[in-house]
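Please look through the sequence and the model shown below before reading on.

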Amino acid sequence: MSDDLLPIGRFARLCRLSVKQLRHYDDLGVLAPAWTDPVSGYRYYRPAQARDALLAGLLRTMDVPLPVVARVLSGDEGGALRAARDRIEADIARRRRGLRLLDRVLADGLPETEVSVVREPARRVVVAREAATPSTIAAATSACVARLLPRMTPDGLLIGLFPLDLAEEFEVRVTIQAEDGDDVLPGGAFASAVHTGPYEEISLTVHGVLAWFGDHGHTPAGPVREVYLNDPATTPPERLETRVMIRVEDDQR
């Protein structure tokens, strides 16, 4: 054993980490000790490893995932950190959207949404699909729309389809009406309301429509439909109109 090796306890104090953290980093291949006693299993580190250990600890205080920390320590510093920064920035944007929604709920409560029951015909459609999580719905929807836009006609109907119950992972679908479409969007009776405002606030109207189901003793059936009534490229966010529709499962008319 080299004389310049530090036992794990001293190295932990030098790097402002706990012994448990250092063991965890070793187990995951993030930061291995310079030498491990084959008899006792005790770990030893070189002072020169302190810079890597300090960087790992600093990145963890910024919620950078350990796999990304491992990539940084292995030399992929620029790409890994830029990706981590992008994820943190996206999370901040999501939380800001959540704060705006919370402010509206604090000010007005759950909105009293004007709901009507409408009959929808079955429609032949082209469908784009994208895997999503609750935090990536907007990006997944945009990706679907981008794939469908080349087939969009002036009188085309662009409809987003979202699960009624959002799991950790789910599928987002967007459809456009087309006579040669391979799929059919079923018709039936739908509770319908128009949302006016940014797409990020549509959940207020969705919850308002679901509250209508509770108030009237009906049963909702997914998916939630969002019918996009105007072009976000030419319409200010506060004037965007989206028709929210949820099928009334127990309507037999």
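Which residue in β11 does F190 stand opposite? In this predicted model, the residue opposite F190 is R247 in β11. The strands β9 (residues 188–196) and β11 (residues 241–248) run antiparallel and are joined by seven bridges. Strands of a sheet pair through backbone hydrogen bonds, either parallel or antiparallel.

**The sheet**

The eight strands of an open sheet follow the order β4-β9-β11-β10-β6-β7-β5-β8, and their pairing is antiparallel. Because β4 (116–120) and β8 (183–185) stand at the edges with a single partner strand each, one side of each has no neighbour in the sheet. From one strand to the next, the twist averages 40°.

| Strands | Bridges | Opposite residues |
|---|---|---|
| β9 and β11 | seven bridges | F190 and R247 |
| β10 and β11 | six bridges | Y228 and T242 |
| β4 and β9 | five bridges | S116 and S192 |

**Helices across the sheet and beside each other**

Helix α6 (residues 137–148) lies across β5, β6, β7 and β10, and its direction makes an angle of about 140° with β5. Helix α7 (residues 202–216), in turn, lies across β4, β9, β10 and β11, running at about 30° to β11.

**Aromatic pairs**

The structure holds five aromatic pairs. One of them is formed by F11 and Y45, which are stacked, with 4.4 Å from centre to centre and 5° between the planes. Because F11 lies in helix α1 and Y45 in strand β3 (residues 43–45), this pair ties together parts that are 34 residues apart in sequence. Both F11 and Y45 are buried.

The rings of Y199 and Y228 have centres 5.5 Å apart and planes at 75°, so this pair is edge-to-face. Y199 sits in the loop between β9 and α7, whereas Y228 belongs to strand β10, so that the pair links parts of the chain 29 residues apart. Y199 counts as partly exposed because its relative accessibility is 31%, while Y228, at 13%, counts as buried. Finally, ring pairs link W35, Y42 and Y44 into a cluster.

Terms used:
Residues numbered from 1 in each chain as written. Predicted model: local features only at pLDDT ≥ 70, side-chain atom pairs only at ≥ 80, totals over all residues. Heavy atoms only, no water. Pairing = 2+ DSSP bridges. Helix = DSSP H or I, 4+ residues; strand = E, 2+ residues; numbered from the N terminus. Axes fitted to C-alpha atoms, helices over the stretch in contact; angles between N-to-C directions. Contact = heavy atoms within 4.5 Å. Phe/Tyr/Trp six-rings, centres within 6.5 Å; stacked < 30°, edge-to-face > 60°. Buried < 20%, exposed > 50% of the residue type's maximum accessible area, 1.4 Å probe, protein only.
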